[in-house]
Amino acid sequence: MFIIDAHEDFAYNALNFGRDYRQSAAEIRQVEKDGPTPALNGQATLGFADYQRGQVALFIGTIFATHRRHASGFAEKLVYTDYHQARFQYHQQMDYYHALADRDHDYFRLVRSRVELAETLAPWEKEPDARHPVGIIMSMEGAEGIESPAELEEYWQAGLRLIGPVWAGGRWCGGTIEPGGFTSEGYTFLETMAGLGYVLDISHMNTESARRALDVYEGKIIASHANPRALLKNPPNERHLTDDAIRCLIGRGGVMGIVLYNRFIEIDWKDTDDRGRVRLAHVAAMIDHVCQLAGDAAHVALGTDFDGGFGWPAIPQELDTIADLQKLAPELAAHGYSPADIAAIFNGNWRGILESSLP
Ligand SMILES: [Zn+2]
C-alpha cells in the first residue's frame, strides 16, 4: 500500500546541508558522520532506497527560507534580510526540484497537474514492490519573504501548487513565533491564492489565524503537518491544532497530516531519552483522535516533516528511516482500522485533495 507524505524539507536539506537524496539514508549518514550536520539536523531519515522500501510514492516538498531574525544559527544558508534575497532563495529551491526531476527522471518526478499525478501514482498502484520514480509536489512553507501577492502568479507558473503563508508569522498573519491575526494584506494574499487555485496550508498558523483562514479561504485547505493540541500536554505555543480548528478543517473537507517528530508527540522529549518512550502506538492515537472528531478516517494522513530540523533519533522507536512507515499499518489495524481506512490514511485522503485541486 503506497504512501503519500505531505511534508518534507527536501530542497532545503539539499541546498543547506548538501544532502543527495538519490542516495539512501544510510549512505547519507556515512557521508555526514564526521561533519556538523547530524548535530544540527539529526541523522538522515530520507533517501531514494528508503522511499522505495517504504513505498513512499509521492511527497510534498517545501520551498523554505527564514528571515535572519528567526534563523537558528551560523550553519543556516537559506536566510534572507530583504525581499530580493528571499525571492532568490525561493527560486533557487524551485530550480533545484526542476533540475532534479529533469536530470534524474528515473528517481524523482515533478507533479504539477492531475495528469502528472496519475502518471506518477499508476505504477505504484500496479506494482507496489517494484522500483518507481517518486513524485514531488512543490509547496511554500512560510511565504513571509514574498513582497506582494502579485508575485503569486509567477510562482504558480513555476509549478508551485500549495502555500502555507506563515511560518514564524507577522507578515500575513500570526504564526508559531509572532502573534496576531490576518493583516489586510494577508486577506489579499488569501484571495489571490484562491483565485490562482493554490491549496492553503494552515500549518504554523496560530489559533486565531487558523480559525479565520478556515472561515474565509475560498479554495482547498489542508494542514500538511500539525498534530492535535489536545493530546500534547501544555504545548508552549500555538503550533498544533485545537479540536475546534480540527473540526472546522474537517467541515471544510480538509485533511491533516500527522507529524512524526517525537517532540510533537511527547512535548518534552529529548534526544538522550529512552527511544522506547515514543512509539508508533502514540502516532496511531493521534490519528485516531482526528478520526474520532470526524467520525470517519477521511480527514487524516501523514505529514512526517522528516529531516525538517530533526532526524534519527527524534522519531518513533520502530522507525529508523522513512522506509519503516509501513509499520504504522499494523498499529492502525490494532486500533480497529480496516484495510480501506488504512489506505485512506496512507494515500487516499491526500490523493483526494490533490485530484480535486491540481489543474
Ligand atoms: Zn514546518
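The questions and answers below take these topics in turn.

Modeller: This is a predicted model, in which local features need pLDDT of at least 70 and side-chain atom pairs count only at pLDDT 80 or more, while totals for chains, interfaces and linings use all residues. Residues are numbered from 1 along each chain as its sequence is written, and side-chain values use heavy atoms, with hydrogens and water left out.

Biologist: Which residues are the protein donors of the zinc ion?

Modeller: Donors are N, O and S atoms within 2.8 Å of the metal (3.2 Å for Na, K and Ca); water is not among the atoms, so sites may look incomplete. The protein donors here lie 2.0 to 2.2 Å from the zinc ion. They are Glu141 (OE), His204 (NE2) and His225 (NE2).

Biologist: How many residues apart are Glu141 and His204?

Modeller: The donor spacing in sequence is E-x62-H-x20-H. Glu141 belongs to strand β6 (residues 134–141), and His204 to the loop between β8 (199–201) and α9 (207–216). Strands (E, at least two residues) and helices (H or I, at least four) are DSSP runs, numbered from the N terminus. This pair links distant parts of the chain, 63 residues apart.

Biologist: Why is Cys248 in no disulfide?

Modeller: A disulfide is a pair of cysteine sulfur atoms within 2.5 Å, and the structure holds zero of them. For Cys248, the closest cysteine sulfur is in Cys173, too far for a bond because the distance is 16 Å.

Biologist: Is Cys291 buried or exposed?

Modeller: Buried means under 20% relative accessible area, exposed over 50%, and partly exposed in between (1.4 Å probe, protein chains only). Cys291 has 6% relative accessibility, so Cys291 counts as buried.

Biologist: Which element gives the most to the lining of the largest pocket?

Modeller: On a 1 Å grid over the protein atoms alone, a pocket is an open set of points with protein on both sides within 12 Å along at least five of seven lines, a cavity is a set where a 1.4 Å probe fits but cannot get out, and lining residues have an atom within 4 Å of a point. The largest pocket is lined by 36 residues. The elements giving two or more residues to this lining are α1 (10–17) and α3 (37–41). With four residues, the most comes from α1.

Biologist: What is the volume of the largest cavity?

Modeller: The lining of the largest cavity includes Glu141 and His225, which are also zinc donors. Grid points are joined across faces, edges and corners, and a volume is the space filled by probe spheres set on the points. For the largest cavity, the volume is about 40 Å³.
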